Amino acid sequence: MNIKDILTPFTAWANVVKEPVTIKDPFNREAAPRYRGFHDNDIEACIGCGTCEAICENQAIDLIPVDGVETKDGDSGLRPQVDYGRCCWCALCVDICTTDSLRLTNEYTWIDTDPDNFIFTPGVTPKSWYKKEEGWRKPGNGYEFYSKERVDMEELHAEERIDSFIEFVKGYSKEQAEKEADRCVSCGICTATCPAHMGIPEYIKAIRNDDLEEGLRVLYETNPLPEICGRICTHKCEDVCSVGHNGDPLSIRWLKRYIADQNPSEKYKEILNQDTSKSNGKKVAIIGAGPSGLSAAYYLALLGYECTIFEKLPEAGGMMRYGIPEYRLPYDQIDKDVNYILELGVEIKYGVNIGTDIKLEQLGKDFDAVFSGTGLHLGRSTRIPGTDNENVYFATDLLREIVLGKDIYVPEKIVVIGGGNVAMDITRSLARLQQIKYGKVDCTATSLESEDIMPADREEVVEAREESAIVDPGWGPKSIEIENGKVKGLNVVKCLSVFDENHAFSPKFDEDNKKFFPADMVVESIGQGMDLSYLSKEFKEKLKFTERGRIKVDEYFQSGVEWLFVGGDIIEGPDVIHGIANGHKAAVGIDNLLNK
Amino acid sequence: MINKFLGFTPKKEMLPSQTVTPDTEIDLSSHKYQKIWLGPNHPGVTGNMAVELTVQGNTIMKAQTHVGYLHRGFEKLIERRLFVQGFPTSIRMCVAEPDTNEYFIARATEELSGYADAVPEYANWLRMLSLEMARLQGLLRGVPGQGGTFALGIGVQWGVYLRDLILDRFEELTGARVYHMFIIAGGVRGNLPEGFKARMEDNLRDIDDFIVKIKKLMFHNSIFKTRAKGLAVITPDMVDKFGIVGTNARACGVKRDVRKDNPYLYYDQLDFDPPTATDGDVYARTWIRWQELIQTVDLIRQIMAKMPETGDIRCKMPNVLNWKIPKGETYVRLESGRGEMGMYYVTDGSDKPRRINLRGPSYNHAISVLEHMLIGADVADVHAIMVSLQTCPPEIER
């Protein structure tokens with residue numbers, strides 16, 4: 001130690017003449033642009049999926065109902081409420097938010113005398129910081145908590161599939177299915193939207209756990225036709241999938257197919273372990289072996305009812321078999337689902353036409369209750385000049401005849417009127433038949449709706465084009481040109497708009513913008529109608545009808561006649577999943593009626 | 001030991017009646033001894049822990065550490081949460097340098113799930129930057145803090161101001177000042193903000209000035225020298241016996257540094273050599289830390305110069321809500337400001353860790369080493385010894 005060691009510390013006195021470094025007004029200090037301060041939520045964008053609640057490690061977030069937010073398809077109607085007594089401001093809730101609606105502003109001072117105020121609903125409870133733009137948002141640069149990209153199912157190339165009706169979507173491998181299942185955030189928005197309320201997060205979880213038997217059990221709780229729905233369901237679940245708000249929605253339909261495909265039909269009985277041997281002695285007749293009829297039969301059989309299905313056509317499936325082409329839904333897959341239902345003791349009587357072979361009233365006497373799901377098998381006409389020609393067909397008739405193996409007329413040039421899925425089905429079926437017959441495709445589909453509002457699934461349009469069919473939307477049919485009794489083609493004019501301001505059907509045309517599609521055959525596919533001829537005049541008087549001509553039913557699909565329940569496409573839809581849901585609900589209704 | 005600075009000869013009864021060793025028998029009924037509890041709430045204790053002292057006069061005859069005042073069961077809390085939910089809890093295990101614990105959770109889960117090599121390069125450099133910034137802010141408090149234990153308060157004021165500047169940089173990089181929650185499994189949670197490097201360089205220049213000033217204030221200071229030199233000497237043979245690590249080991253000549261011995265991240269690409277000393281006393285430990293301050297400033301400059309300008313911040317990983325890790329176990333370690341820290345991480349194939357155990361340097365330093373060091377020491381030096389061993393009670397009680 002020396003004198004220097006005594007004097008040197010005094011150099012610290014130099015600071016006396018320096019400016020102080022203290023912040024004079026810490027309350028107005030602006031935080032960094034990325035600072036994790038207080039929550040804000042864009043209420044309009046938020047769908048209440050609850051992933052924020054699921055990831056919060058402190059259970060600081062609860063989803064609660066909020067005034068002015070309605071529960072609807074794709075929106076739970078709930079919004080996150082944050083408890084600042086528990087929150088640690090880690091912002092994992094922001095990072096996982098499926099809609100990017102949740103964020104943290106960089107506001108960080110909040111003085112309040114009432115501790116309860118620190119539980120608040122961001123975006124709803126008025127707070128001064130919502131106007132602040134800066135704060136924590138989901139980081140970019142490759143930062144994501146779940147994959148936004150869907151695992152595509154492999155398909156046969158157009159050249160491989162165009163000359164046959166072989167199924168062209170190949171199905172997931174185990175690895176692909178597990179990778180796709182991993183993307184699910186288990187929010188359950190899909191379950192609420194699915195007409196049958198399938199346990200989607202649960203069966204996707206079963207895929208992740210590689211427990212496909214459990215997956216099958218979950219499927220059969222709400223849907224006895226998983227092979228079919230796994231292929232051709234209209235997947236309303238995917239339309240609302242929360243992951244789809246910021247990426248591709250989950251392939252829920254394909255995952256369902258994966259579970260059903262991987263479980264062999266021989267093991268269904270063992271896996272599902274459903275006992276229907278105990279009969280309750282009551283009998284139910286079901287008209288039509290379509291999705292709603294099969295679904296009603298399945299659930300009624302589980303409840304101990306003896307079910308007999310009366311089917312007009314030679315095989316079961318209804319529109320699923322006679323309306324959907326084999327390349328989308330192979331017949332052996334329909335059989336797999338149907339056979340399991342038959343194994344439960346359900347009987348199907350084929351070739352029986354209710355109304356002519358047996359009167360409906362007679363069924364009502366012979367059975368304790370009747371469920372009718374007769375579907376939409378009639379075609380609708382545009383009623384333009386020339387539709388009475390023999391070479392103008394309805395799509396539904398042609399599709400049925402193809403399945404029945406009839407030799408249908410396939411000329412070299414065909415035009416299809418319609419922009420829905422059925423129009424695409426017939427276009428692609430005819431394109432295949434043309435390819436087989438002539439080695440080339442010349443089939444055009446034209447619809448009133450422009451490309452952006454075409455009712456057909458996007459993938460159907462894309463795949464039809466891949467198969468060399470022409471899809472030329474946005475034209476209104478004017479007349480079918482006939483020469484010497486033969487179809488020459490279709491005259492169309494440009495369609496400017498289909499709906500008016502009130503979303504009512506009111507097409508407007510540009511009469512000067514004309515086009516001619518040359519063709520030897522015209523197929524109309526602008527919608528389907530129901531055939532209620534099995535209802536006698538006296539019987540019809542007992543029923544009530546809606547303004548659109550549909551039979552009026554209550555929430556359990558019970559009609560005005562106590563023993564008659566009606567469901568499926570003639571009530572709701574048209575699609576398979578509504579039919580399944582109707583059948584399930586009607587089964588509950590029938591059970592309520594007969595077990596009162 | 002007679003405090004030389006007193007400058008007078010203490011009265012006879014103030015002196016211990018016998019030579020103190022750890023084996024000295026203490027008969028409390030003799031009325032020669034007194035028990036003093038230091039803590040659990042005491043400004044000189046670096047957190048909530050207590051030291052039960054048995055003193056004779058000013059001399060400590062026996063010391064026993066009591067912990068358990070802030071046990072919050074962090075390890076168990078993490079074991080009951082999803083893998084991604086672990087890191088906000090882990091940082092609470094050490095307020096002073098939370099980033100190391102974030103790194104453990106991230107690295108362990110990456111290793112066990114096979115993503116260790118998938119972490120983007122840019123993210124790894126940002127991890128190093130945040131770890132070195134954490135070391136720097138710790139040293140800015142620790143070095144002058146040692147002076148504070150001898151009532152040299154002004155250095156602490158300077159250090160806390162500069163530490164706040166580093167926290168400002170943390171704020172703009174990570175979105176938070178103290179609990180950064182920045183290092184996440186797969187990468188980090190943000191890129192380098194625009195203009196960050198220039199602002200950091202400004203702060204580092206201020207710290208350069210501080211390094212000179214604090215040297216004059218502390219290491220050319222007769223009081224500090226008198227009290228710190230020869231106090232609580234750690235000898236090289238104690239290092240392995242007590243499991244002493246970090247600056248405490250390096251101050252007695254045992255050159256141990258995980259960054260050099262077992263390089264992680266990109267430390268092998270940086271040019272540095274951990275400083276060592278030979279005396280092993282409080283003065284030497286503070287001196288080593290002061291040198292580390294210089295070195296850390298240099299390392300941050302090196303990292304900022306070498307890191308890529310931009311890139312991905314996180315690799316593609318499974319959905320965090322569904323993430324399961326196969327059965328396995330790993331031990332991740334790094335060199336924190338207090339020395340080698342490690343985390344033992346066991347998974348059982350489920351979506352939560354089976355077992356987590358943090359190996360913190362404070363566990364040895366503040367329990368076994370401190371108890372050993374305090375015997376024979378002066379009551380007035382207890383805080384100085386505690387701080388020089390870098391005691392961090394929350395890290396003892398996980």
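A salt bridge is a side-chain nitrogen of Lys or Arg within 4 Å of a carboxyl oxygen of Asp or Glu. The views below show a predicted model.

**View 1. A salt bridge joins R189(B) to D95(A).** The side chains of the two residues meet with 2.7 Å from N to O. That distance falls within the 4 Å cut-off, so the pair counts as a salt bridge. Between chain A and chain B, the count is six salt bridges.

**View 2. Polar contacts link chain A and chain B.** Between these chains, 32 residue pairs are in polar contact, with both residues at pLDDT 80 or more.

**View 3. Chain A and chain B bury area between them.** The contact takes 46 residues from chain A and 47 residues from chain B. The buried area is about 3700 Å². Carbon and sulfur atoms give 49% of that area. In chain A, the residues that lose the most area to chain B are R34(A), E57(A) and N141(A). Together they make up 19% of what that side buries.

**View 4. Chain A is divided into domains.** Domain 1 spans 28-136, and domain 2 spans 170-271. Domain 3 is made of 275-376 + 531-594. Domain 4 covers 378-528. The C-alpha centres of domain 2 and domain 4 of chain A lie 34 Å apart.

Definitions and conventions
Residues numbered from 1 in each chain as written. Chains lettered and ligands numbered in written order. Predicted model: local features only at pLDDT ≥ 70, side-chain atom pairs only at ≥ 80, totals over all residues. Heavy atoms only, no water. Contact = heavy atoms within 4.5 Å. Buried area = accessible area lost by both parts, 1.4 Å probe. Polar contact = N/O pair within 3.5 Å; in protein donor to acceptor, adjacent residues only side chain to side chain. Domains from an automatic or database assignment.
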